[in-house]
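Okay, thanks everyone, I'll keep this short.

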Amino acid sequence: MLSIAVCDDIPLECAQLAKQIRTLAEPAGLEVLLREFYTGEELLKSTESFDLLFLDIKMPGLNGMELARLLRRREETCLLIFVTAAPEYVFEAYDVEAFAYLVKPVTEKQLKNVLTRAAEKRRRESHEFLLISSQHLVRKIPLKDIVYMEARGRILTIHTLSDIIETYEQIGLMEKRLREKDFFRCHKGFLVNLRYVDTYDKTQIYTETKDTILLAKRRYDDFAMALMHYLKKEGGLA
């Protein structure tokens with residue numbers, strides 16, 4: 001099931017988009033739980049967690065771009081889709097790792113494409129995990145929950161969204177296992193999940209979880225390219 005929120009200050013347009021989503025979801029075999037919000041403040045106060053957020057940008061009070069930045073801090077893994085009549089904000093959308101950028105009027109083909117890709121992304125994430133041995137137990141860790149890994153001597157520390165797990169693994173071997181899973185060896189002692197990169201400079205990476213990771217100078221260019229490739233692939237701005 002996909003949990004979806006639609007936020008637009010014009011109730012009629014909000015309802016129309018919600019109806020379009022429901023209409024397209026059923027024949028595609030997608031089960032959706034959908035909520036409508038008419039202000040950014042209303043959505044921000046909600047305690048619900050959403051897989052997809054369809055946001056208008058030009059709204060009174062808290063606009064869609066400001067709302068997206070606040071929600072991104074709270075919902076690191078949610079997929080942000082801007083639905084707006086203002087195409088000029090497309091580059092700002094990269095800052096919040098938007099999944100898609102749709103300019104009104106949105107066609108059925110565009111919306112169907114976004115829903116299909118989002119459902120596939122969520123399905124893929126739910127099936128990808130890492131099996132590791134820790135404290136004489138085999139643990140199953142979803143890849144989407146891993147923020148970064150740190151090697152200290154013979155111990156590999158795995159930092160997840162909710163836990164810190166230690167295991168006897170070589171970071172080089174872990175790098176090979178996760179090479180096609182959007183993890184990057186940014187330093188001899190660190191392996192970072194690109195989905196949680198917030199900002200970076202020449203020597204450090206700052207994650208959405210407020211952690212700081214070392215970035216080797218000789219790996220800076222490759223890291224920047226890998227991150228850009230990831231953002232284009234996963235952001236899919238259209």
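**Cysteines, rings and charges**

So, disulfides: the count comes to zero. Take Cys7, which is in no disulfide. Its nearest cysteine sulfur belongs to Cys14, and that one is 6.9 Å away. Why no bond there? Because a disulfide needs the two sulfur atoms within 2.5 Å, and the sulfur of Cys14 is 6.9 Å from Cys7. Keep in mind that this is a predicted model, so everything I'm quoting is computed from it.

Are Cys7 and Cys186 buried or exposed? Cys7 has 1% relative accessibility, so it counts as buried. Cys186 comes out at 0%, so that one is buried too.

Okay, on to the rings. How many aromatic pairs does the structure hold? Six. Let me show you Tyr200 with Tyr220, a tilted pair, with 5.9 Å from centre to centre and 55° between the planes. That pair links distant parts of the chain. Tyr200 is in strand β13, residues 197-200, while Tyr220 is in helix α7, residues 220-235, and the two tyrosines are 20 residues apart.

How accessible are they? Tyr200 is partly exposed, at 32% relative accessible area. Tyr220 is at 19%, and since the cut-off for buried is under 20%, Tyr220 counts as buried.

Now stay on Tyr200, because there's another partner to look at: Phe223. Phe223 itself is buried, with a relative accessible area of 0%.

If you zoom out a bit, ring pairs join Phe184, Tyr200, Tyr220 and Phe223 into a cluster.

Where does Arg117 lie? Over the face of Phe99, 4.5 Å from the ring centre. And then there's Lys140, whose charged end sits over the ring of Phe129, at 4.3 Å from its centre.

That's what I wanted to show.

Methods
Residues numbered from 1 in each chain as written. Predicted model: local features only at pLDDT ≥ 70, side-chain atom pairs only at ≥ 80, totals over all residues. Heavy atoms only, no water. Buried < 20%, exposed > 50% of the residue type's maximum accessible area, 1.4 Å probe, protein only. Phe/Tyr/Trp six-rings, centres within 6.5 Å; stacked < 30°, edge-to-face > 60°. Helix = DSSP H or I, 4+ residues; strand = E, 2+ residues; numbered from the N terminus. Lys NZ or Arg CZ within 6 Å of the ring centre and 35° of its normal.
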